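Please keep the sequence and the 3D view at hand while reading.

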Amino acid sequence: MKKLVIANAIIFVLIALVTIGCSNKGLIGPETGDEVVSSCVTCHTDKALLKELAVDVEEATSEETTGEG
Amino acid sequence: MEAWEKVFVKDAEFMQSTHGKVGCVICHGGDSQENDKKLAHVNIITDPSDGNCNTCHQDIAQSHDLSLHATLSGFESALVARGGDVSEGSALATVMENHCQECHTSCGQCHVSRPDELEGGLVSGHTFRETPSMQYNCIACHGSRVGDEYLGNNEGIPADVHWTQETMLCTDCHTDVLHGSGEIADTRYDNPNAAKCEDCHQDVWTNTEDNPQHEQHLSDLSCQVCHSLSYKNCYGCHVSVDPEGLPCRTSEPSVMQFEIGYNPLRSSDRPYEYVVLRHVPTCAGTCDFYGESLFPNFDNVSTWKYATPHNIQLHTPQNESCDACHNNSEIFLTEEDIRVEEKDANQDVIINEFPDPVGQ
């Protein structure tokens with residue numbers, strides 16, 4: 001009986017954890033905690049790192065264009 | 001702008017703002033959990049504003065979607081008015097795609113970053129600026145004519161008094177109009193919210209007693225006829241594709257001119273008989289690279305267009321005295337000023353009869 005109670009308690013806790021985990025799915029915003037602390041923010045707020053890694057993607061423009069736009 | 005600077009979110013507090021809290025990947029895609037630069041940027045969307053802003057800003061986004069900034073309908077209507085076929089698959093549809101679309105402006109290219117045409121780059125960190133930057137947004141696109149006039153960059157022509165005396169920004173006059181009227185427009189003037197001098201200078205209309213020139217001319221001359229100076233006119237634009245397959249264009253050197261002509265856009269909002277006219281770069285052969293006779297009715301539309309130069313002054317050479325204008329054929333657009341091949345197109349705007357001298 002004691003084992004059954006412990007097993008039930010474990011199952012209950014697991015279900016609760018899974019439910020909490022799922023409840024934030026689809027939410028937009030910092031509530032998830034995923035976006036604010038992300039590799040995006042880490043890199044894009046680090047000037048030194050950006051200077052080291054950023055590469056200018058040159059847009060292909062014709063050299064034959066002349067005159068004012 | 002350096003590559004790093006374009007993507008540097010220098011305003012760390014942005015992450016706590018309403019837009020920041022949305023999270024990077026919701027708008028930009030990519031993978032925020034990936035530490036490898038290349039993998040983190042797979043499917044990245046640099047300018048996500050088209051189609052995203054309307055989630056919260058529905059009214060403005062809907063209006064913007066129909067505005068000239070978004071649709072570039074002004075280009076299309078000009079081509080159609082000259083008899084051009086812009087239907088899908090047509091030569092002019094390709095012209096539009098190759099040469100006009102670069103002027104399309106998304107929400108983000110005014111409120112967050114510089115326009116794509118200038119290779120983008122965040123303006124004030126990632127801050128969403130309710131008022132676009134005059135320097136990095138408005139003049140970035142509208143620089144060669146309006147911007148240079150307004151700031152006094154044309155040699156010998158002073159800057160606009162609204163700039164020199166009040167440091168007014170573009171958005172001080174051009175307010176709601178920038179998101180369009182909610183309907184497709186043919187020209188920038190085709191909008192009830194378009195900027196008008198009388199929006200601020202109402203007294204000029206209501207109190208004319210002390211100003212005989214206003215008393216006499218308010219209804220038949222646009223303000224710029226008396227209060228603007230020479231402005232830039234462009235000629236001979238030709239668009240094509242270079243040997244490498246890249247769209248390109250050529251044009252003749254611009255010319256500073258001041259020309260008064262008949263109003264081609266006369267309406268209840270703009271009832272003036274005389275206005276200043278600016279020559280647009282278009283000519284009959286502008287799109288010849290893409291096909292022959294693409295403008296069968298080229299002469300339907302004048303190449304000298306209604307203009308509102310942005311170099312306004314209280315005192316100008318033409319308002320020094322009555323005869324500085326009345327007796328001055330130099331400042332009126334006449335047959336002699338028109339190129340032979342454009343004479344028919346401009347018959348309705350050229351002045352055949354000068355105002356009589358008044359001896360003052």
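Contact, as the word is used here, means heavy atoms within 4.5 Å. The model described below is a predicted one.

## A covered helix in chain B

Helix H7 of chain B spans residues 73–81, and its buried residues are Ser73(B), Gly74(B), Ser77(B) and Leu79(B). The cover over these buried residues of H7(B) includes helix H6 (68–71) and helix H8 (91–100) of chain B. Following H7(B) there is Gly83(B), a residue whose phi is positive, near 90°.

## Two residues in contrasting surroundings

Thr286(B) is placed in the loop between strand S6 (274–279) and strand S7 (304–306) of chain B. Thr286(B) counts as buried because its relative accessible area is 8%, and buried means under 20%. When residues up to four places away in sequence are left out, Thr286(B) touches Cys237(B), His238(B), Val239(B) and Pro281(B).

Asp356(B), by contrast, is found in the segment after helix H17 (322–326) of chain B, and it counts as exposed because its relative accessibility is 60%, where exposed means over 50%. Between Asp356(B) and Pro296(B), which are 60 residues apart along the chain, the C-alpha atoms are separated by 39 Å.

## Salt bridges within chain B

Over all chains, the structure holds 6 salt bridges. In one of them, Lys232(B) pairs with Asp148(B), and the closest N and O atoms are 3.3 Å apart. Because Lys232(B) lies in strand S1 (residues 231–233) and Asp148(B) in helix H11 (residues 143–151) of chain B, this pair ties together parts that are 84 residues apart in sequence. Lys232(B) itself counts as buried, at 5% relative accessibility.

A further salt bridge joins Arg339(B) to Glu252(B), with the closest N and O atoms 2.7 Å apart. Arg339(B) lies in the segment after H17 of chain B, whereas Glu252(B) is in the loop between strand S3 (247–250) and strand S4 (255–257), so the pair ties together parts that are 87 residues apart in sequence. Both partners count as partly exposed, Arg339(B) at 30% relative accessibility and Glu252(B) at 32%.

Chain A has 3 helices and 0 strands, which follow one another along the sequence in the pattern α-α-α. Of its 69 residues, 12% count as buried, and chain A exposes about 5,500 Å², with carbon and sulfur atoms supplying 65% of that area.

How many residues does each chain bring to the contact? Chain A gives 30 residues and chain B gives 34 residues, and between them the two chains bury about 2,800 Å², of which 58% is on carbon and sulfur atoms. Between chain A and chain B there are 9 residue pairs in polar contact. On the side of chain A that touches chain B, helix H2 (39–44) and helix H3 (47–53) each supply at least two residues, and the residues of that side divide into 10 nonpolar, 11 polar and 9 charged.

The count of salt bridges between the two chains is 1, and it is formed by Asp56(A) and Lys6(B), whose side chains meet at 3.3 Å, N to O. This pair runs from the segment after H3 of chain A, where Asp56(A) lies, to helix H1 (residues 3–6) of chain B, where Lys6(B) lies. Asp56(A) counts as partly exposed, at 38% relative accessibility, whereas Lys6(B) is buried, with a relative accessible area of 12%. Asp56(A), Lys6(B) and Glu119(B) are linked in a network of salt bridges.

Notes. Residues are numbered from 1 along each chain as its sequence is written. Chains are lettered from A and ligands numbered from 1 in the order in which they are written. This is a predicted model: local features need pLDDT of at least 70, side-chain atom pairs count only at pLDDT 80 or more; totals for chains, interfaces and linings use all residues. Side-chain values use heavy atoms; hydrogens and water are left out. Buried area is the accessible area (1.4 Å probe) that two parts lose on being put together, summed over both. A salt bridge is a side-chain nitrogen of Lys or Arg within 4 Å of a carboxyl oxygen of Asp or Glu. A polar contact is a pair of N or O atoms within 3.5 Å; within protein, one must be able to donate a hydrogen and the other to accept it, and residues adjacent in sequence count only if both atoms are side-chain atoms. Helices (H or I, at least four residues) and strands (E, at least two) are DSSP runs, numbered from the N terminus. Ala, Val, Leu, Ile, Met, Phe, Trp, Tyr, Cys and Pro count as nonpolar, Asp, Glu, Lys and Arg as charged, and the others, Gly among them, as polar. Buried means under 20% relative accessible area, exposed over 50%, partly exposed in between (1.4 Å probe, protein chains only). Accessible areas come from the Shrake-Rupley method with a 1.4 Å probe; for residues, only the protein chains shown count as cover.
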